[in-house]
Amino acid sequence: MKNFIVIVLFFLLIVSGWTSPYRDDRGRGFNKVLQFPKEVSTENYVILRPDFTEIQEEFSICGWVKFYRTDGDRYWFSYAAGSRYNELIFGDRANIQHFLADTMPGPGDNYARYIWHHTCFTYSSASRLEELYLNGKKIAEKEARANSKLPVNGVLVLGQEQDSLGGGFDIHQSFGGEIYRLEIFERKLSTNEVTEKYQAGMCEYPARSADVLLDWGDFLDAERSGEVKEIPAGCSMWDVLESFVGQEITPNLIEFLDKYFYGGTFMDILRI
């Protein structure tokens, strides 16, 4: 099968008129999941210190999450700044999500375990509207206080809920599960855009966007602690090709497939 795929790639390169190397970071982190063990520990986390200056008044946070356990309040995302530790926290059910220390309304049922969920949180200070989506559907919304802004100079942690800046973790709130394709956007995505992201699925060809402040590659490159590790997402080459049905075959697609499924070896052979 692999030899057949290589032959197909070679044929596509010829018909697409490929003549020079192409560099594109849009697929950085494609097919790589961060796994947090089911046996939870306060030692298992990913930590970043992002610059949120550009998203204080408008942003969206979207990604794929799978929960291994939902006993207690299990938080997979936490952003704290200064002495405020619940500026943004996302967990295993709608009514424990927080924005600027206020809880969101919404269903109190735990998200189903061992299946992927696509979740998005969007906010704009102009509309004052906070919106929470699960699997392409809005499940909660709330009007924020006037002039609410996301504070800067904070700490973002995956896998734990902070009760002090970058620490104060509680094992009863520790996350066990998987995270994939988490992105933070510099604007509020529309309902249609969120729905399209969910419907495209986990394995769609990553679209280039100037609106992304942090992409999945930034989270994969961040400092890790404990037993957090990378595992395959299970996306195949054919999942990616499905995204291109009816579209023009380009050198971009060929190099993307080679890089993320063959480690660049096929293109290296052609350049010899």
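A salt bridge is a side-chain nitrogen of Lys or Arg within 4 Å of a carboxyl oxygen of Asp or Glu. The structure holds 17 of them. This is a predicted model, where local features need pLDDT of at least 70, side-chain atom pairs count only at pLDDT 80 or more, and totals for chains, interfaces and linings use all residues. Residues are numbered from 1 along each chain as its sequence is written, and side-chain values use heavy atoms, with hydrogens and water left out.

**Salt bridges across the chain**

Helices (H or I, at least four residues) and strands (E, at least two) are DSSP runs, numbered from the N terminus. Buried means under 20% relative accessible area, exposed over 50%, and partly exposed in between (1.4 Å probe, protein chains only).

- Asp73 pairs with Arg93, with the closest N and O atoms 2.8 Å apart. This pair links distant parts of the chain, 20 residues apart: Asp73 sits in the loop between strand S3 (58-67) and strand S4 (77-81), Arg93 in the loop between strand S5 (84-90) and strand S6 (98-99).
- Asp73 is partly exposed at 25% relative accessible area, while Arg93 is buried at 17%.
- Glu143 and Arg128 form a salt bridge at 3.4 Å, N to O. Glu143 lies in strand S10 (residues 137-143) and Arg128 in the loop between strand S8 (116-124) and strand S9 (129-134), so the bridge ties together parts 15 residues apart in sequence.
- Glu143 is exposed, with a relative accessible area of 56%; Arg128 is partly exposed at 28%.
- Arg181 bridges to Glu204, the closest N and O atoms being 3.3 Å apart. Arg181 belongs to strand S12 (residues 177-185), and Glu204 to the loop between helix H2 (191-200) and strand S13 (212-214), 23 residues apart. Both Arg181 and Glu204 are buried.

**A charged network**

- Salt bridges link Glu131, Lys138, Glu141 and Lys188 in a network.

**Nonpolar cores**

A nonpolar core is a set of buried Ala, Val, Leu, Ile, Met, Phe, Trp, Tyr and Cys residues joined through side-chain atoms within 4.5 Å.

- The largest core has 50 residues, and Phe77, Leu88, Leu158 and Tyr180 touch the most other members. Strand S3 gives the largest share of this core, 5 residues.
- Leu158 has contacts (heavy atoms within 4.5 Å) with residues including Leu34, Phe36, Trp76, Phe77, Ile179 and Phe219, not counting residues up to four places away in sequence.
- A second, separate core of 6 residues includes Cys62, Cys120, Phe185 and Leu189.
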